[in-house]
Amino acid sequence: MPVEFLGIAMTNDASETNARSGPSFDPEYTLRLARAHEEFGWDRVLTAYSSAAPDPGYAAAYIAAHTERLQVLVAHRPNVCHPTFAARAFATLDNLSAGRLAVHFITGGNTHEQAREGDFLAKDQRYARTREYIQIVKRAWASTEPFDHEGEFYRFADFGSEILPVQKPRPAVSFGGSSPAAYAAGGAEADIFCLWGEPLEQTAEQIASVRAAVHASGRTDQPKIQVSFRPIIAPTEEQAWEKAHRVLDTILRRRQASPALIGRYFAGTAENTGTQRLLAIAEQGERFDRALWTATAAATGGAGNSNALVGTPETVAEALLDYCDLGVDVISLRGYDLLTDTVDIGRHVLPIVRGEVARRDRAGQVSAGR
């Protein structure tokens with residue numbers, strides 16, 4: 001089963017280590033970064049969501065219109081619009097991109113960030129709303145006749161859409177979380193269940209929890225599993241660790257000097273379960289397995305995808321293959337110098353992982369045929 005690689009489609013060059021050098025939406029940089037992903041073998045890029053950032057749907061449309069093969073994963077929060085509107089918007093984007101769309105539904109793990117756009121529901125209510133929202137969007141994508149809906153969060157009558165997705169049966173639905181409510185919602189509805197990068201043991205436990213939730217929902221299929229990391233690579237192990245500590249020092253300096261970045265690149269209070277898990281793991285130690293380094297997660301307060309994999313390209317590739325052995329299908333990676341790291345990871349890491357996964361698949365097919 002081929003492994004898929006997801007990158008990040010930022011609209012400017014800012015990161016935890018770099019101050020933004022231009023506007024929030026920099027068209028030239030956006031395309032340079034997206035085209036670097038396409039040129040160096042990435043499968044898909046995520047257009048991320050923030051209450052203050054450029055709209056990810058428009059960013060994805062811009063990228064899709066200026067690339068040929070690169071797929072786009074659009075992050076979307078259910079609180080920002082009605083699901084019938086979202087279904088039509090995503091169907092339009094799937095048509096525009098000739099079937100290159102997937103949608104990542106975000107429930108929201110930070111109460112303050114949700115309140116910025118008028119969302120005051122408690123976390124478990126948000127997960128229940130997301131589940132209902134996804135169900136409506138899926139039905140709207142598949143329905144050729146108008147339908148009614150009356151649920152806990154949404155009610156409408158005689159909705160029908162003239163535009164349907166190009167992809168059949170529909171675009172993929174991506175979903176993430178680490179709480180029981182997240183497992184239940186994503187286990188029932190997701191095509192791709194997303195986890196932040198943790199040590200192998202904890203990742204295996206989370207995958208088991210997801211699969212148990214899938215079974216409890218009555219599904220007979222399994223979602224793909226995605227994990228996310230921040231690779232820090234160099235030609236030698238010594239150089240990689242020197243680079244890693246420079247990255248860490250920069251993160252710590254920027255967090256201290258720029259409190260306004262808390263909530264964007266650095267976590268404030270650890271409200272969501274995923275952040276709490278990252279911080280708890282970091283308290284247990286800095287280094288796990290082949291290459292996992294938790295110091296970057298601790299430095300950002302457990303802000304999202306923040307655990308690093310440090311080493312030579314070969315070491316990092318071997319670490320990623322360990323996650324493939326657990327049943328991971330999609331690997332989300334991004335560096336700190338977004339454009340340079342996209343090229344380096346695409347050139348030096350992705351081919352090793354892909355080649356070894358293909359070799360194992362061939363060996364398995366030969367064994368099965370004996």
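What is the volume of the second largest pocket? In this predicted model, the second largest pocket has a volume of about 410 Å³.

**The second largest pocket**

The lining of this pocket comprises 18 residues, and those nearest its centre are D55, G57, Y58, F85 and A89. Three elements each contribute at least two residues to the lining of the second largest pocket: α2 (56-65), β3 (71-76) and α3 (83-96). The greatest contribution to this lining is that of α3, with seven residues. Sorted by class, the lining of the second largest pocket holds 14 nonpolar residues, three polar residues and one charged residue.

**The largest cavity**

Across the whole structure, the search finds one cavity of 30 Å³ or more. In terms of class, five nonpolar, one polar and three charged residues line the largest cavity.

**Helix packing**

| Helix pair | Packing angle | Distance between axes |
|---|---|---|
| α3 and α5 (residues 123-142) | about 50 degrees | 9 Å |
| α1 (residues 27-39) and α12 (residues 338-348) | about 10 degrees | 9 Å |

With an angle of about 10 degrees between them, α1 and α12 are therefore roughly parallel. On the α1 side, the contact involves Y29, R32, L33, A36 and H37, while α12 supplies L338, L339, T342 and V343. The contact of α1 with α12 is made up of six nonpolar residues, two polar residues and one charged residue.

Helix α3, which also gives the most to the lining of the second largest pocket, packs against α5 at an angle of about 50 degrees. The two helices α3 and α5 are therefore oblique to each other, and α3 passes α5 in a right-handed crossing. Within this contact, P83, A86, A87, F90 and A91 of α3 meet Y133, I136, V137, A140 and W141 of α5. The contact of α3 with α5 consists of 10 nonpolar residues, with no polar and no charged residues.

**Backbone features**

Most residues other than glycine have a negative phi, and most peptide bonds are trans. Two sites in this model are noted against that background.

The loop between α3 and β4 (101-105) contains A98. Although A98 is not a glycine, its phi is positive, at about 60 degrees.

The peptide bond joining K168 and P169 is cis, with an omega of about 10 degrees.

**Summary of α3**

Several of these features involve helix α3. This helix supplies seven residues to the lining of the second largest pocket, it meets α5 through residues that include P83 and F90, and the loop between α3 and β4 holds A98.

Notes:
Residues numbered from 1 in each chain as written. Predicted model: local features only at pLDDT ≥ 70, side-chain atom pairs only at ≥ 80, totals over all residues. Heavy atoms only, no water. 1 Å grid on protein atoms, 1.4 Å probe; cavity = no way out; pocket = protein on both sides within 12 Å on 5 of 7 lines; lining within 4 Å. Points joined across faces, edges and corners; volume = space filled by probe spheres on them. Helix = DSSP H or I, 4+ residues; strand = E, 2+ residues; numbered from the N terminus. Nonpolar A, V, L, I, M, F, W, Y, C, P; charged D, E, K, R; others polar. Axes fitted to C-alpha atoms, helices over the stretch in contact; angles between N-to-C directions. Parallel < 35°, antiparallel > 145°, perpendicular 65-115°, else oblique. Left-handed = near helix turned anticlockwise from the far one by under 90°. Contact = heavy atoms within 4.5 Å.
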